[in-house]
Each structure stands twice: as structure tokens, then as C-alpha cells.
Amino acid sequence: MTRECHVRFCERLRGQFLWPTHHFGMKSHIGVDVESGLVHSVVGTAANVADVTQVDQLLHGEETYVSGDAGYTGVEKRAEHQHRQMIWSIAARPSSYKKHAKKSLIGRMRRKIEYAKAQVRAKVEHPFRVIKRQFGYTKVRFRGLVKNTAQQTTLFALSNLWMMRKRLLNAGEVRL
């Protein structure tokens, strides 16, 4: 009998613990439509896989604007994205804009730009809130990447239904 053990241990250095703690975990990368806030793609990886390597699996090809956090820095320079004609709005690493004084004009403008980028990225975080709070999913429960990714795909599909429930009920297509 073989086991699929692609989920890795990772070390967490910050937080409430004095010593580094080790976690057995994975990451979920999701692609979200900006207008509706619905998830259109889910990719599960081990915790030690870089975020920037998963972008090509999250895009469906019709995007004109892509927003991401600082883990996706340098995505526009990668070979698989050279042919794409889109606007890349990737958050700057905090160290790149903290070198300017808070009161200087450049520092204030950089912070306003990053604040605007964060407002767009907040749409991506909402499905995570739904599966954590509405469905109680806070920890991976299975051993293996395929099982956890399948469960998370189901949960994100349910979160799409949860976020659209009022529109579906008003349209009269769904009855309780």
C-alpha cells in the first residue's frame, strides 16, 4: 500500500510562539472573478511551493487585469506569461516602500497605490472567509494533497453558491 504524501512540513517562525513551530500543511491558490467575486479555479500545492509558479493554472485566458499579493512578484517576467497582454497589479514588498519616509510625498503616494491594490485583492480573500466561517474549514484533515485539494474544490464551489444565494433566491430558480 502506498500513500500520497506531497503535503510537506513547513516551519513557521512568527506568531505567538517563542520557538519555530512546524506545521504539516498545504496552500490553496484560487482565481477569482473581480466583478462577481466567484472562484473560477483552485490549485492546491504543498506549503513549500512558490506562489508565482502557479499563476498559469489560475488564469483562464480572458483576463485583462491580474492582481496578486507580494508572493507573485516577478510574474510578468516569467517565460509562460510573456505573450499575455494584461495589466499586472502585484503588491510591492513592504521593504520596497518603507524606505521612503511616511510624510514624504513619494512615501504617501506609494502607500495610497498599495492601499488601492489591497482593496482589489480583498475580493480574493472573501471566499477563504466563507469556507472558514460558514463551513468551519480551518485545518486540512486528510493525509495527501489530492484528497485535500478535492475537498477544497468542493468547499470553494459551495462558497460560490453561498455568495450567490440571495440572487438565486430572488430569481426564483431555487426554492427552499
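Let me start with helix H3. At 1.5 Å a residue, its 29 residues should span 42 Å, and the end C-alpha atoms are 40 Å apart, which agrees. Keep in mind that this is a predicted model.

H3 does have a bend. The angle is about 35° at Lys-123, and a proline, Pro-127, follows within four residues. Pro-127 is also one of the buried residues of H3.

Now to Phe-128, and to aromatic pairs. How many aromatic pairs does the structure hold? There is 1. The partners are Phe-128 and Phe-156, with ring centres 5.4 Å apart and planes at 90°, so the pair is edge-to-face. Phe-128 lies in helix H3 and Phe-156 in helix H4, so the pair ties together parts that are 28 residues apart in sequence.

Is Phe-156 buried or exposed? Its relative accessibility is 1%, and buried means under 20%, so Phe-156 counts as buried.

Next, the loop. Helix H3 covers 105-133 and helix H4 covers 145-163. Phe-135 sits in the loop between these two helices. With a relative accessible area of 32%, Phe-135 is partly exposed.

Last, the surface. Which residues form a nonpolar patch there? Phe-135 does, together with Leu-158, Leu-161 and Trp-162. The accessible area of these residues together is about 340 Å².

How values were computed. Residues numbered from 1 in each chain as written. Predicted model: local features only at pLDDT ≥ 70, side-chain atom pairs only at ≥ 80, totals over all residues. Heavy atoms only, no water. Patch = residues over 30% accessible without salt bridge, like charges linked within 9 Å, V, L, I, M, F, W, Y side chains within 5 Å. Areas by Shrake-Rupley, 256 points an atom, 1.4 Å probe, with all protein chains shown as cover. Salt bridge = Lys/Arg side-chain N within 4 Å of Asp/Glu carboxyl O. Buried < 20%, exposed > 50% of the residue type's maximum accessible area, 1.4 Å probe, protein only. Expected span 1.5 Å × (residues − 1). Bend = angle between axes of the 7 residues up to and from the residue. Phe/Tyr/Trp six-rings, centres within 6.5 Å; stacked < 30°, edge-to-face > 60°.
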